[in-house]
Amino acid sequence: MDKNINAQVVVIGAGPAGYSAAFRCADLGLDTVLIERHKNLGGVCLNIGCIPSKTLLHIAKVIKEAEELSKMGVHFEKPIININEIRIWKDSIIDKLTNGLSVMRQKRKIRIIQGEAEFNTNHSIVINGLEEKFFISFQYAIIATGSIPKTIPSIPHTDNRIWNSTDALSLKNIPNRLLIIGGGVIGLEMATIYSAFGSHVDVIDRFEKFFPWVDQDISDIYKKSIINKFNLLLQTSVEEIDVTKNHIAVKMLGNNITQDFYHYDALLVAIGRSPNLSNLGIEKIGLKINDLGFLQVDQQLKTNISHIYAIGDVTGLPMLAHKSAHQGHIAAEIISGKKHYFEPKVIPSIAYTEPEIAWVGINEKEAIEKNIDYEISSFPWHASGRALASNCSIGMTKLIFDKKYHQVIGGAIIGTNAGELIGEVGLAIEMGCDAEDIALTIHAHPTLHESIGLCSEIFEGTITDLLNAKSKI
């Protein structure tokens, strides 16, 4: 490959944001070069994040369901966990997807360079490759370098028993006792996996709520559902860590702490992620960063240097693959000359725990802060025939309506496959649906998604599957 390359568009990073942008650029006829420091495309999400975690979460879910079938008269032997075979299966899923991306990249004739990228000027990049350097001159650049796990400076990270999310998903071993610091999505998903695999898991978080984005009624259902699976200790922090040959001794401060030190076989730090902007040379060319440490972009995803775009995790919260991919499409289309903007009304979020938690739009706290006259409609899954028949009655579907305009403005679902169900709520908000639109849409029965229609019937006062609070009786 020529060491001096001219390209219309250079994309830095091949995660969901980067490869989506590069593929869309190519489809629009733009000469595109893709830079990725790792061997495979797909970034954190595909290789060491979303996909491997969902593979393991599926296994954890099946283990849980098999255990609960004993209540219905179906009994299985205690599962035998072969961690090596599970790892092979997980890696095979990743390989299928990364190979698919590689084929699509080749079909689109996108040049790829493996190495570390650094801006030389605002129209050129130097690539430190595996064996040699490359120099790229470009008309447009798209920064899609993603994010990296946050660390706690006081915790030693040289010990192989101190994990980040990548370590946890690599399935090093199944510890007898695992401490997870951080009660966010990653922490609780890892707790779901390792508790199903047989670990005694404690999750601690220094905040009062583990998901500040969901309302208390949703989080209360979740806390009730995990009582016999793992411990979730809120308003709890680490005071001291003593790493010895035999264990990791942790001294904690919190309301439910009864010992001076708790002993663990592994410790997972899952306190969030930071934008990956180091060694990129953004200071050299004067790219602006906002107060939260993310690249500053406008609604067209342009940085303060108008021909340089930024997409994905480097642009701020929420750090989600689907947001990143959407931004990748928008950036490519704008570069091609289309007058598009990144202006979604809502972006759905999902915690793939058991039960799953999914939410979209505004919650009650936000409605109060925005002085919206709102009304809540909630349908409990213990009144759902499908949920009862499927042994997943611990759950709830909740919609938030603007009382003045009767439009749905937010929603949250907790329960099995909540992540699959939340799509209808997101579409309803984007389209400006009111309660009647949803209530008069015939939902199949018996299903879990009919709970969305039933919530709308509650608001409309037409519900018959529950007592109707708005009836004239």
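This is a predicted model: local features need pLDDT of at least 70, side-chain atom pairs count only at pLDDT 80 or more; totals for chains, interfaces and linings use all residues.
Colleague: What radius of gyration would a compact globule with 473 residues have, and what does the protein chain have?

Modeller: The general idea is to set the chain beside a compact globule with 473 residues, which would come out near 23 Å. Here the protein chain has 24 Å, so the two agree. As for its extents, the C-alpha trace spans about 75 × 60 × 40 Å along the principal axes.

Colleague: And how many helices and strands does the protein chain have?

Modeller: There are 14 helices and 21 strands. For contacts with a separation of 6 or more, 63% are between residues 24 or more positions apart.

Colleague: What percentage of the residues is buried?

Modeller: Buried residues make up 49% of the 473. To read one yourself, check its relative accessible area: under 20% means buried. Take cysteine 392, which has 8% relative accessibility and therefore counts as buried.

Colleague: Where does cysteine 392 lie, and which residues is it in contact with, leaving aside neighbours within four places in sequence?

Modeller: Cysteine 392 sits in the loop between helix H11 (385–389) and strand E20 (396–402). With those neighbours left aside, its contacts are Trp381, Ala387, Thr416 and Leu448.

Colleague: How many positive and negative side chains are there?

Modeller: The protein chain has 45 positive and 53 negative ones, and the centres of the two sets lie 5 Å apart.

How values were computed: Residues are numbered from 1 along each chain as its sequence is written. Side-chain values use heavy atoms; hydrogens and water are left out. Helices (H or I, at least four residues) and strands (E, at least two) are DSSP runs, numbered from the N terminus. The radius of gyration is taken over C-alpha atoms; the globule rule is 2.2 Å times the number of residues to the power 0.38. Buried means under 20% relative accessible area, exposed over 50%, partly exposed in between (1.4 Å probe, protein chains only). Contact means heavy atoms within 4.5 Å. Lys and Arg count as positive and Asp and Glu as negative; His and the chain ends are not counted. The place of a charge is taken as NZ of Lys, CZ of Arg, CG of Asp or CD of Glu.
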